[in-house]
Amino acid sequence: MKSFSISLLIILVSVLAKAQSQIDIISSYYKQGKFDQVIISGEKYRRTLNGRGIPALDYMILTSICLNPPNKSLACKLANIITDDYYQGLDKADISLIKNGFSAICNGNNSLNYNIVQQITTNQYAHDHHYSGIFGSFKSYMAIGSLGQENQFKYFNSEFAREVMEKPIISNKVVKTLNNTDIETLINRRCKKGDNLAIGRMVTRFGKGARYYVSNNFLVITSAKNPIEPKGVCMDLENVLAFYNNYYSLNSPSDLIVIYLTSKYDGVGPLVKRLYGIQIPFGGLGYSNFYDNSITAWIYDNHDVGTLKHELIHILIKSTFNNIPHWFEEGLAELYEESTFTDKVLIGKENWRFALLKENVFDYSYSLNDLIHNLEYEPNQEQLKKTSDKFLFYIKKNESPEFFNGEQLEIKAAIPAFISSALSLYKDALSRYFILYLQDTKKLKPLYYNLQKRDSAFFDLSNYKSIENIISESCGERSFKNVEDNFATWLNNQSIKN
């Protein structure tokens with residue numbers, strides 16, 4: 001693989017003032033017991049860009065349905081199922097609040113506790129955005145066997161590797177630092193197509209002497225010393241965007257998508273810090289911000305835009321869906337990290353992530369069923385020791401002394417950091433290869449559209465389908481177990497080929 005990235009789409013902590021005022025109106029209806037108005041206004045607002053992905057809004061609509069006598073029995077029966085299934089990635093504290101609210105309403109007393117609405121986050125896209133938590137550059141070290149031979153990561157030397165191992169992992173909570181004013185600023189920063197003054201401000205903001213190119217949908221900006229040609233990147237991304245729009249019916253933003261390109265392999269974090277005042281996990285190759293419609297990244301050459309393909313999926317998914325399973329969104333983004341056009345269709349290929357599954361480094365028994373239900377896994381001490389030994393063996397086997405200028409790394413110090421995020425890495429790899437399996441068996445598009453259908457008709461409770469049922473039906477199977485078995489067979493065949 002030529003390029004990969006940690007996707008880190010920041011989860012912002014509130015919505016802009018205009019959106020909040022609309023939430024206040026719906027909340028007022030709710031507090032007054034005008035449940036029909038909550039349902040009508042809430043569903044309409046939910047279809048707008050500013051009303052998407054707000055858990056408190058969904059809670060008010062669902063409980064309003066529960067409080068309407070003709071619908072109460074079915075709504076109460078499905079309320080907890082939907083909470084666990086559709087919003088499985090939501091913060092655990094919010095899930096507990098939601099279930100307590102449903103319990104009070106559905107267990108006979110019709111008790112409406114408005115305080116619960118006030119406590120549930122009104123964040124847009126506030127479901128917990130899982131990311132690997134391990135350094136992007138450390139991932140490249142892990143996959144050194146293939147990447148080192150291709151010399152793709154020419155900036156990754158022994159000194160930098162030591163710095164990676166010594167750098168603390170940044171907590172997801174540290175990233176959530178924006179307030180209402182910040183969000184409104186980001187929204188207002190969007191660069192409208194044809195607005196030359198706004199384009200000029202973006203270029204000036206990037207820095208003195210910046211080079212840039214504007215196409216129909218993209219503004220690519222980089223420094224004078226970066227050999228990357230912005231025009232070539234724009235043209236490649238236009239083709240990718242056209243495919244995403246046509247194949248998946250993803251909403252293309254009406255504003256320009258701004259791409260900030262750093263000239264250094266390890267430059268994404270510092271550039272994000274300078275542009276946004278936000279610290280992101282060290283070593284990421286790509287960062288996307290849905291609110292100001294931007295991507296910050298490092299790419300290897302003009303035609304190696306795998307990182308940008310990945311981040312673009314996150315931007316477009318957030319413009320289209322209220323909520324989508326994390327494993328699907330991340331797996332889809334990862335699918336196109338390594339991909340090529342065949343008859344105008346972008347086809348995902350095998351990439352470095354397969355090593356995580358093929359080598360069985362982690363010794364984790366983590367199934368596809370665990371993945372789609374967002375289950376966590378805590379290894380015991382024996383498993384930790386076994387994993388540590390395997391990882392040490394794997395790194396020693398694949399280390400390329402020439403790649404690190406002949407210097408040997410003290411890798412044992414890095415093992416605890418790796419193990420702490422091993423499951424996240426494994427989950428990402430499993431997501432990517434399940435999506436690849438769906439692509440190869442021509443089931444990816446049906447599953448995508450079934451997820452989109454469920455998302456848009458979320459409150460049609462009589463037709464609500466669990467994620468297992470959606471996957472099974474999309475794959476033409478009678479049970480999810482059959483899907484698991486077929487995927488296992490396919491994955492085994494991939495191992496034989498490799």
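User: Why does Asn 374 count as partly exposed?

Analyst: In this predicted model, Asn 374 has a relative accessibility of 26%, and because partly exposed covers the range between under 20% for buried and over 50% for exposed, Asn 374 counts as partly exposed. The residue lies in the loop between helix 18 (368-372) and helix 19 (381-398), and its phi is near 60 degrees, a positive value in a residue other than glycine.

User: Why is the pair of Phe 206 and Tyr 260 called stacked?

Analyst: The ring centres of Phe 206 and Tyr 260 are 6.2 Å apart, where a pair requires centres within 6.5 Å, and their planes stand at 10 degrees, where stacked requires under 30 degrees, so the pair is stacked. Phe 206 belongs to helix 12 (residues 196-206) and Tyr 260 to strand 4 (residues 255-261), 54 residues apart, and the pair thus links distant parts of the chain. Both residues are buried.

User: Why is the pair of Trp 327 and Phe 328 called edge-to-face?

Analyst: The centres of the Trp 327 and Phe 328 rings lie 5.8 Å apart, with planes at 75 degrees; because planes over 60 degrees apart count as edge-to-face, the pair is given that name.

User: How do you know that Arg 274 lies over the face of Phe 206?

Analyst: Arg 274 is placed over that face at 5.8 Å from the ring centre, and the distance criterion is within 6 Å.

Methods:
Residues are numbered from 1 along each chain as its sequence is written. This is a predicted model: local features need pLDDT of at least 70, side-chain atom pairs count only at pLDDT 80 or more; totals for chains, interfaces and linings use all residues. Side-chain values use heavy atoms; hydrogens and water are left out. Rings of Phe, Tyr and Trp (its six-membered ring) pair if their centres lie within 6.5 Å; planes under 30 degrees apart count as stacked, over 60 as edge-to-face and the rest as tilted. Helices (H or I, at least four residues) and strands (E, at least two) are DSSP runs, numbered from the N terminus. Buried means under 20% relative accessible area, exposed over 50%, partly exposed in between (1.4 Å probe, protein chains only). A charge sits over a ring if NZ of Lys or CZ of Arg is within 6 Å of the ring centre and within 35 degrees of the ring normal.
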